[in-house]
Amino acid sequence: MTKITGYPKSIITITILITSIILLTQCMEKNDAETVVTQTDFTKYSGSAACVNCHEDIYDAHIKTAHFLTSTAPLEKHIKGSFETGKNVFAYNANASVAMEKRQDGLYQVQYENGIEKKARQFGMVVGSGTKGQSFLHWQDDLLFQMPITYFTAASEWSNSPGFPPKPIFNRVITSRCLECHSTYAETIPGGEKQPDRFDKNRILLGVDCEKCHGPAAEHVDFQTKHPSDSIGKFILNPDNFSRQQKLDLCALCHGGRLQKTKPSFSFTAGEKLSDFFVLDTTAPDPENIDVHGNQYGLMRASACYKKSTDLTCNSCHSSHENEKGETALFSKKCMSCHSKEHNNFCKMEQKLGSVINTNCIDCHMPVKPSKAIAVFLPGEKAPTAAMIRSHFISINPSLTNIMIRELEKNKRR
């Protein structure tokens, strides 16, 4: 062993102690949950179809979720709007329109001026599950652009795409950050920093799928296929084992508002720190200035429920594997798992509301509100129509409670 000389023992001891603390801290950070899969290479992904052999029940449930359906192939069965004559045209005015048409080689949005075809673009990707609506993308070589016409579910009509001017525009570029929230993986083709993102069409995994939350799974699938009796999953992440912040970061990637990235899109993978990849807003969230679309995390963080809890996350209420849309009774039960008579924090309106308190906490405390970000122009309308989205700012709203009480009283008198 080499003998250390020339320094007092106290300095040597302190140096060793500091070095040990630094190394220990790094290890603790790296192993906050499990070994994080950080390499985002297309070959590292297996695709969700590979999961069905071992996780059939979860897979069958997951493919019905809005996450899975948030981007799909441009097939008529995936598109909510009609291509039938009389139902397939959005008219800007008497002279300009866009028609959704089926042609021999695919589906198109076709621009007409005074009945004359000016431009036709083929559907290349469907974006959105259709719960609120769907937007559509078209390819031009290896560039993606948003199409001018969207389907708006609330009105069951074609509409002008959100934020588009009142005329046909086919040149709104789609970035990798857009696809980061509407797909599991999309590989970009290297190019200049100021150039639009170019994509490899053959290296895109549509939908927000298993590997978005569990990490790239090719190595896991390969191992488990060769070792079917090994019941402990290898080379895969289990978000149940994540810390609270890791769970929140995973959802905030797409539900945390406008994030300014500091590293390329798709660099972040499950289990990592979002702050290592994006500039995060660390100011206290103001629910009055947060739109109900796109920043559910910010609204939740502003809620008293979140502030008083040490473990409340998105998954406290939402199952990533199930389609729970509209199940107010289910979500109400989750509210009452914390707000109960035993905890002495149950709803004070119980006597007035009666049995409805057991099935619908949500409409009073998390009301549906119009989105400023998702608002579309319907045919013939001069003002935009907003999508109605449930607020994730959990709050007390006496006016809504009073409305519900009046409705209950009316029903009793009938």
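Strand S4, residues 106-113, pairs with S5 in the antiparallel sense over 6 bridges. Two strands count as paired if DSSP finds at least two bridges between them, and a strand here is a DSSP run of E with at least two residues, numbered from the N terminus. Within this pair, Val-110 stands opposite Ala-120 in S5.

Before going on, a note on the source. This is a predicted model, in which local features need pLDDT of at least 70 and side-chain atom pairs count only at pLDDT 80 or more, while totals for chains, interfaces and linings use all residues. Residues are numbered from 1 along each chain as its sequence is written, and side-chain values use heavy atoms, with hydrogens and water left out.

Back to the strands. S4 and S5 belong to an open sheet of 4 strands with antiparallel pairing, in the order S2-S3-S4-S5. Strand S2 (89-91) and strand S5 (116-122) are the edge strands, each pairing on one side only. In general, strands of a sheet pair through backbone hydrogen bonds, either parallel or antiparallel.

Next, helix H5, residues 218-226; a helix is a DSSP run of H or I with at least four residues. Which residues of H5 are buried? They are His-220, Phe-223 and Gln-224. Buried means under 20% relative accessible area, exposed over 50%, and partly exposed in between, with a 1.4 Å probe and protein chains only. Seen down the axis of H5, the buried residues fall within an arc of 95 degrees, so they line one face of the helix. That arc is taken from the directions from the helix axis to the C-beta atoms. The face turned away from the buried side carries the exposed residues Thr-225 and Lys-226.

Now the largest nonpolar core, which has 18 residues. Such a core is a set of buried Ala, Val, Leu, Ile, Met, Phe, Trp, Tyr and Cys residues joined through side-chain atoms within 4.5 Å. Among the members that touch the most others are Leu-248, Phe-268 and Tyr-297. Helix H6 (244-255) and helix H7 (296-301) each supply at least two residues of this core, and the largest share, 5 residues, comes from H6. Leaving aside neighbours within four places in sequence, Leu-248 is in contact (heavy atoms within 4.5 Å) with residues including Tyr-297, Met-300 and Leu-312.

Last, the cysteines. How many disulfides does a search of the whole structure find? It finds 0, where a disulfide is a pair of cysteine sulfur atoms within 2.5 Å. For Cys-213, the nearest cysteine sulfur, that of Cys-251, is 6.9 Å away.
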